[in-house]
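Please consider the predicted complex shown below.

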Amino acid sequence: MTTYLIRRLLFGVVTLLVITCFVYGLARNMPGTPLTVQLGETDPSRKFNPEDLERMKRIYGLDKPWPVGYAQWLGNVVQGDLGRSISRKQPVATLIAERIGPTFLVSGTALVLAWLAAIPLGLYASARSGTVDERATSLVLYVLYSFPTFVAALFLQIIFAVWLRGTNWELPLFGMTDLPADAPLLVRITDIARHAILPVTCQTYVSLAYDSRFIKANMEEAVRQDYIRTARAKGAGPWRVLFRHAFRNTLIPLVTLLGLSLPGLIGGSVIIEQIFTWPGMGRLFFESIRERDYPTIMGLTLMFSMLTLAGQLLADLLYCVVDPRVSVE
Amino acid sequence: MTTQPLLVVENLQTHFPVRRGLLRRVSGSVQAVDGVSFSIAKRRTLGLVGESGCGKTTVGRSILRLVEPTGGDVRFAGASVRGMNARDLRALRRRMQIVFQDPYGSLNPRMTVRGILEEGLVIHRMGDARDRLARMRRALDRTGLTAATLERYPHEFSGGQRQRIAIARALVLEPEFLVLDEPISALDVSIQAQVVNLLVELREELGLTYLFISHDLSVVEYVSDDVAVMYLGRLVERADAAALYRAPLHPYTLALFSAVPTIDPARRRRRIVLTGDVPSPSRPPRGCRFHPRCPLAESVCREVDPPATTLDGHLVHCHVAARELERSAGDVRAAAASIAEAMAAASAKPASDAAAASGTLKA
């Protein structure tokens with residue numbers, strides 16, 4: 001077990017090195033630098049003169065080729081320093097710490113909701129497979145699955161923030177809160193929750209549709225097995241057969257999907273956070289790329305990659321729990 | 001044979017709907033089992049043979065209502081199985097158990113052997129925890145497994161051991177009747193004999209009644225008291241094992257027997273090779289279902305579904321056999337011999353001469 005973990009962690013470190021090196025190379029080779037993109041395009045009068053530009057480049061280490069820059073960044077990361085954001089003049093660690101909460105608020109809620117609804121829906125669909133109500137539910141889920149989130153987000157905004165304005169159903173158009181930081185806690189929580197409803201809905205419905213289809217497909221695979229017949233021959237009732245025999249055997253692919261959906265928590269939030277101006281990591285990532293803010297890009301890349309690897313490791317470890325045939329030795 | 005039969009199957013029908021098109025409308029049906037009747041007396045074994053896809057497995061599953069029959073009836077110890085409500089059916093499932101062909105698929109991979117064995121006891125509220133353990137130990141012991149098996153998972157065992165677990169799983173509920181659905185076909189030849197002997201021992205020891213489904217004719221002969229032969233969803237012949245193997249009357253049974261390899265050159269029969277494929281059970285042929293492949297088929301076979309002819313408990317559905325029995329004045333062996341001769345003559349010649357060969361019978 002310990003050797004397995006050590007081996008996995010070593011592999012993880014190598015993977016991280018490859019990913020970060022690649023992303024750093026790409027970022028540095030995008031046209032423009034933080035210095036040109038930031039000022040030159042917005043206000044010509046504030047354009048650097050050539051000497052200042054050279055000086056700034058030296059300060060930020062942009063005068064050296066990117067492999068050297070990567071090595072420096074890596075050296076700092078190893079010492080626990082993610083660097084300072086060029087455009088925001090703040091430590092990257094602070095920026096991420098500020099943004100991580102809002103992102104997990106939306107994505108985490110969406111993930112939990114999606115799974116909570118997908119499991120009963122999937123089981124229901126497989127138990128009633130072929131009936132009219134199951135077909136209707138499946139159709140709705142298919143339509144939802146094929147509906148792009150950014151379109152759904154705009155529709156939801158029009159409906160709840162425009163058409164329903166002034167009614168009890170009105171929901172905020174964007175942002176996370178309208179209240180100052182010193183408002184009473186309970187009021188603030190309610191306000192944030194109201195702001196979170198639409199982004200959470202957008203992130204939930206796609207994975208809900210996908211996950212429940214996935215569960216149904218796996219259940220249908222499982223109920224065809226001979227051990228299901230054995231269970232029925234024992235006298236087990238339909239629910240017992242469904243849960244104890246069929247569903248428990250579908251947990252293995254389910255755990256894989258869960259592990260893989262963890263990084264999607266953040267990936268999917270980029271678009272949603274942009275549309276709803278939600279102050280999370282997804283939005284920060286988008287902006288930092290636009291501003292060529294290399295340290296922030298790299299800090300977030302590192303975060304995302306680590307989360308992906310953690311999700312996979314978690315899934316592999318969970319296999320041992322759900323499947324007695326798997327052992328990590 | 002005089003005892004009250006434990007299981008009576010009467011004109012059992014199991015058709016599966018075939019759905020086609022966008023609206024998945026029922027456009028026909030696969031007649032997996034179409035009018036099968038037999039009975040099994042207590043402590044006896046009926047062997048059910050036939051080639052793949054003839055409906056033997058469906059018969060076994062329909063008896064236990066693991067698939068729902070669409071017609072006819074099954075009576076177990078006098079009670080109609082088809083008419084039973086869910087509660088009675090559950091109680092019945094303790095008394096009728098099944099062992100499946102593939103011991104790799106039939107044991108839930110996520111459960112320990114204890115979980116697999118104990119579940120049925122829990123469902124049927126048999127004994128408290130200590131009593132259940134004793135019952136499980138006894139069942140494992142009977143199948144030649146140790147109590148240490150309990151805490152292990154199915155994947156830790158070999159095929160033969162798994163099949164023993166599957167048998168112990170069925171036995172732990174103390175059933176009276178077992179459907180053995182090709183219980184040895186998935187096992188290595190060296191293990192097959194062990195499992196067959198185990199099944200025979202258990203039958204004697206526990207007074208069990210078996211429906212032994214198999215395509216292995218030698219094993220069926222060894223295990224069964226009576227043998228029934230199925231073809232395309234129907235029974236074609238049924239008799240006690242010795243009589244059937246000595247004097248098969250149905251051309252299909254003959255062809256089946258001729259395919260069994262034997263190591264005794266004196267017993268080596270001429271091989272009868274059937275031509276053509278088994279027709280689809282969704283569109284069975286008119287008349288006798290075997291007629292498109294039967295070397296002895298006559299015009300009546302193409303039109304009229306042969307009724308049952310019974311002589312000394314030997315039942316056969318065949319026009320030719322019925323006539324031969326009549327001609328030999330009830331001498332089954334003589335009738336069987338002349339049918340075998342005609343079959344041999346017919347299969348030695350090209351198919352077009354088959355009709356002429358069957359003419360020798362009339363002469």
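Domain bounds are taken from an automatic or database domain assignment. On that basis, chain B comprises domain 1 (5-228) and domain 2 (247-362). This is a predicted model, in which local features need pLDDT of at least 70 and side-chain atom pairs count only at pLDDT 80 or more, whereas totals for chains, interfaces and linings use all residues. Residues are numbered from 1 along each chain as its sequence is written, and chains are lettered from A and ligands numbered from 1 in the order in which they are written.

Confidence is expressed as pLDDT, the predictor's score for each residue from 0 to 100. Chain B has an average pLDDT of 88, with 91% of the residues scoring at least 70. Over residues 351-357 of chain B, however, pLDDT stays under 50. Where pLDDT is low, the predicted coordinates should not be read in detail. For the complex, the predictor gives an ipTM of 0.77 and a pTM of 0.77.

The C-alpha centres of domain 1 and domain 2 of chain B are 31 Å apart. Ten residues of domain 1 of chain B and seven residues of domain 2 of chain B form the contact, two residues being in contact if their C-beta atoms, placed from the backbone, lie within 7 Å. On the side of domain 1 of chain B that touches domain 2 of chain B, strand 2 of chain B gives the most, with five residues; helices (H or I, at least four residues) and strands (E, at least two) are DSSP runs, numbered from the N terminus.

Strand 8 (residues 209-213) of chain B is mostly covered, with five of its five residues buried; a buried residue has 20 or more other C-beta atoms within 10 Å of its own, these atoms being placed from the backbone. T209(B), L211(B) and I213(B) point one way from this strand, while Y210(B) and F212(B) point the other way. In a regular strand the side chains alternate between the two faces of the sheet.

Strands pair if DSSP finds at least two bridges between them. Strand 3 (residues 45-49) of chain B runs parallel to strand 8 of chain B, joined by four bridges, and L46(B) stands opposite L211(B). Strand 7 (residues 177-181) of chain B also pairs with strand 8 of chain B in the parallel sense, over five bridges; here V179(B) has L211(B) as its bridge partner.

Between the chains, 21 residues of chain B are in contact with 16 residues of chain A. Helix 2 (86-95), strand 6 (96-99) and helix 3 (113-123) of chain B each give two or more residues to the side that touches chain A.

Technical notes. Buried ≥ 20, exposed ≤ 12 C-beta atoms within 10 Å, placed from the backbone.
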